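Please read the numbered points with the sequence and the model in view.

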Amino acid sequence: MALINCPECNHSISDIVDTLCPKCGYKHTQENINKEIEKLKNMPLWKQFFGATLGIIIIVAVSIFLIGVTASEEVRYVFGFLILALIYKSWNKMEYAHKNVKIYFSGILFLYSLSLFFIN
């Protein structure tokens with residue numbers, strides 16, 4: 001199950017057939033859902049990489065800030081494990097992303113989580 005945009009109000013909805021948009025009440029047919037999925041699959045690669053890079057920057061910046069505030073080794077380990085869990089969960093959620101974007105996103109975050117464990 002993935003999230004797609006409602007063609008009427010642009011609100012995020014499930015890609016399950018015959019669901020109603022909670023915002024506008026539009027009923028989504030299989031044809032509408034297939035169109036939205038095709039738009040996601042055909043998204044330019046640079047947009048996918050940009051989105052992944054932006055996500056990486058936000059995750060790293062927030063964790064560096066919070067680790068700097070607490071200056072605790074335990075907090076670094078917790079963030080390392082949280083980032084590994086994020087990689088695991090996001091791999092399945094990025095169904096329509098290009099394979100190289102998934103590898104890029106996961107690889108950078110994996111290396112960052114390793115640095116949290118091993119760099120003092």
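1. A residue is called buried under 20% relative accessible area, exposed over 50%, and partly exposed in between. By this rule Phe49 is partly exposed, because its relative accessibility is 27%. The model discussed here is a predicted one.

2. Tyr104 falls into the partly exposed class as well, with a relative accessible area of 28%. Across the protein, 29% of the 120 residues count as buried.

3. The structure contains one aromatic pair. Its members are Phe49 and Tyr104, whose ring centres lie 5.2 Å apart; the planes meet at 70°, so the arrangement is edge-to-face. Phe49 belongs to helix H2 (residues 45–70) and Tyr104 to helix H4 (residues 99–118), so that the pair links distant parts of the chain, 55 residues apart.

4. As to the overall fold, the protein has two strands and four helices. Read from the N terminus, the order of these elements is β-β-α-α-α-α.

5. How does the radius of gyration compare with that of a compact globule of 120 residues? Such a globule would have a value near 14 Å, but the protein has 18 Å. Along the principal axes, the C-alpha atoms occupy a box of roughly 55 × 30 × 20 Å.

6. Among contacts with a separation of 6 or more, 46% are made by residues 24 or more positions apart.

7. The accessible surface amounts to about 7,900 Å², and carbon and sulfur atoms contribute 66% of this area.

Terms used: Residues numbered from 1 in each chain as written. Predicted model: local features only at pLDDT ≥ 70, side-chain atom pairs only at ≥ 80, totals over all residues. Heavy atoms only, no water. Rg over C-alpha atoms; globule rule 2.2 N^0.38 Å. Buried < 20%, exposed > 50% of the residue type's maximum accessible area, 1.4 Å probe, protein only. Contact = heavy atoms within 4.5 Å. Areas by Shrake-Rupley, 256 points an atom, 1.4 Å probe, with all protein chains shown as cover. Phe/Tyr/Trp six-rings, centres within 6.5 Å; stacked < 30°, edge-to-face > 60°.
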